[in-house]
Amino acid sequence: MKCYYCQAVRSSAWILLFLVTLSCNNRRSQSLDVFRYNSVNTISSLDPAFAKSQEVIWAAKLLYNTLVETDTALAIRPSVARSWEVSDDHLTYTFHLRTDVYFHDNEAFTGGKGRKLVAGDVVYSLRRLLDPATASPGAWLFNGRLNPETGFRALDDSTFQLTLFQPFHPVLGILSMQYCSIVPFEVVNKYGKDFRNHPCGSGPFRFFFWDEGQALVLHRNPRYFEKDSTGHQLPYLEAVQISFLESKASEFLLFRQGQLDFMNDIEPSFKDEVLTKQGKLKKEWEGKMVLSKHAYLNTEYLGILMDSSNPLVKNSPLRIKKIRQAINYGIDRTKMMTYLRNGIGTAALSGFVPAGLPSFDPQKVKGYPYSPATARALLKEAGFPGGKGLPVIRLLSIPAYADLANYVVNQLQEIGIRVQVEVVQKGVLLEQTSRSLALFFRASWIADYPDAESYLTVFYGNNPAPPNYTRYRNPAFDRLYEQALKENNDSIRYTLYREMDRMVTEDAAVVPLFYDEVIRLVQPNVQGLYNNGMNLLELRWVRKVKQ
């Protein structure tokens, strides 16, 4: 049996040797200020073109910069681009770059010294992202939106220009994604595919050491361009140390022993030990750790196949809207959040677009409150009083959500709807939904960028699966969606978003269950670890203070 604790101790010991060795030459401090966290999943690559998973996104955020980024409220703010203008036709974006951004030192540069980042690097990085030879999972970001050869241009070293085929307001959100990180062509050319483990960016931390599956160590970038409000150079930390223990229980043990500075998410098996049913930190843990919660752009839901031409749908009771609506009315989401989630998240009593986005307004987009009487009335109107004559409906789920699926089964059984859960592996579920072989299925949708369009694209009739797993098609919805893409006025666009969300809710193409929450446990001596709706790990402003 693998001993995760012993593995962690061994890893920590030899990593500490590296850090101590470095500290001997560090005049700023006698002891390094190191931020330590664990990732239960290994990092597959340090190349931002492959920043698909959370663990890779977090590492890329530390190593690289993008043109623009999101703040804690998910508003777009400058990063490498200090400012930008948009043409009157909303097709051309002109970015003015900072002139004090430098890549990390690397042997690929003349004299090994990192050179200044220029507009040509932005052009190179974005074209590389779209290049089939790169095989990036983020290549879809600009599909059909621009010409890769002419859509990215460097007007001079400090001016980058992007030109679209059609207006697309969320493009700034796309440019904030880690896929769009800026990389130097010299380093990529030198290492080729091995750039994945020889990363070089301009971010607040630079690469130092990586033993895959064991530990990753990053050091402070001494030439980082950002300063705080008092003129102090960021980041405050000297180093970041990441371990890769597979067990959340072992991770929690190390966190309690002070060997980790924070934990992302809580293992369901011990959430009752830490949290009350209302999602608060239990009294015995107060002062020993800090609980941080924030709305997360993730909607957990049940999807319903809507393609009326599909033989499976033609023979399914789910083809009837009143039955789909009855299912929505028949689930007590608030009770579900208390007993299954310990108050982590918000019951989805609005539409599909989650809390945390600026366009979210539960007063203007009404969902389905728990109402067994309404559900029974709808069943009767659909020709199945008390569920009589209604065939059993199969619900596909994955093991991690088996308890949630069983809760839904029990709730719906009370109103006369019989549901049978089939638990399958995630890969099987994805294959079934992609091929329109799943009539009723558990799913989730996490925003790629902080705009409601990232959710509403799930229902655009011209989209395949993914993202349109339900095969929803509504011409009125599609017209509004296309109109919203061209709309640059936030107020008008949000109105269109809400109208689309109301359409999907009325048609009951999905059963929204809850809007997720980022939940973190943080050591009391950690300051400046800000949370956000994209669950990005932001360490530029983090300090560790003596207690």
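The legends below describe close-up views of a predicted model.

Because this is a predicted model, local features are reported only where pLDDT is at least 70 and side-chain atom pairs only at pLDDT 80 or more, whereas totals for chains, interfaces and linings use all residues. Residues are numbered from 1 along each chain as its sequence is written, and side-chain values use heavy atoms, with hydrogens and water left out.

**View 1. Strand β5 and its two partners.** Strand β5 spans residues 92-97, and six of its six residues are buried, a word that stands for under 20% relative accessible area, with exposed meaning over 50% and partly exposed the range in between (1.4 Å probe, protein chains only). Helices (H or I, at least four residues) and strands (E, at least two) are DSSP runs, numbered from the N terminus. Thr-92, Thr-94 and His-96 lie on one side of β5, Tyr-93, Phe-95 and Leu-97 lie on the other, and all of them are buried. Two strands are taken to pair if DSSP finds at least two bridges between them. Strand β4 (residues 81-86) runs antiparallel to β5 and is joined to it by five bridges, with Ser-83 standing opposite His-96. These two strands form a hairpin with five residues between them, and His-90 in the turn has a positive phi of about 60°. Strand β7 (residues 159-163) is also antiparallel to β5, again with five bridges, and Phe-160 in β7 is the bridge partner of Phe-95.

**View 2. The nonpolar cores.** A nonpolar core is a set of buried Ala, Val, Leu, Ile, Met, Phe, Trp, Tyr and Cys residues joined through side-chain atoms within 4.5 Å. The largest one has 147 residues, and Phe-95, Phe-142 and Leu-162 are those with the most contacts inside it. Contact means heavy atoms within 4.5 Å, and when residues up to four places away in sequence are not counted, Phe-142 touches several others, including Leu-126, Phe-152, Leu-162, Val-171 and Cys-180. A second, separate core has 16 residues, among them Leu-245, Ile-266, Leu-275 and Ile-344.

**View 3. Aromatic pairs.** Rings of Phe, Tyr and Trp (its six-membered ring) pair if their centres lie within 6.5 Å, and planes under 30 degrees apart count as stacked, over 60 as edge-to-face and the rest as tilted. A search of the whole structure finds 25 aromatic pairs. One of them joins Phe-152 and Phe-160 in a stacked arrangement, 6.3 Å centre to centre with 25° between the planes, and both residues are buried. In another, the ring centres of Phe-360 and Tyr-515 are 5.7 Å apart and the planes stand at 80°, so the pair is edge-to-face. Phe-360 lies in the loop between β13 (346-347) and α11 (372-381) and Tyr-515 in strand β17 (residues 510-522), so this pair ties together parts that are 155 residues apart in sequence. Phe-360 is partly exposed, with a relative accessible area of 22%, whereas Tyr-515 counts as buried at 2% relative accessibility.

**View 4. Arginines over tyrosine rings.** A charge sits over a ring if NZ of Lys or CZ of Arg is within 6 Å of the ring centre and within 35 degrees of the ring normal. Arg-223 lies over the face of Tyr-102, at 4.2 Å from the ring centre, and Arg-442 lies over the face of Tyr-401, at 3.7 Å from the ring centre.

View 5. Strand β1 (residues 34-38) has four of its five residues buried, and five bridges join it in parallel to β10 (residues 239-243). Val-34 has Ala-239 as its bridge partner in β10, while Tyr-37 has Ile-242.

**View 6. The surroundings of Val-101.** Val-101 lies in the loop between β5 and α3 (119-130) and, at 1% relative accessibility, counts as buried. Although Val-101 and Phe-225 are 124 residues apart in sequence, they are 5.8 Å apart in space, C-alpha to C-alpha. With neighbours within four places in sequence left aside, the contacts of Val-101 include Val-80, Arg-115, Leu-117, Ser-202 and Phe-225.
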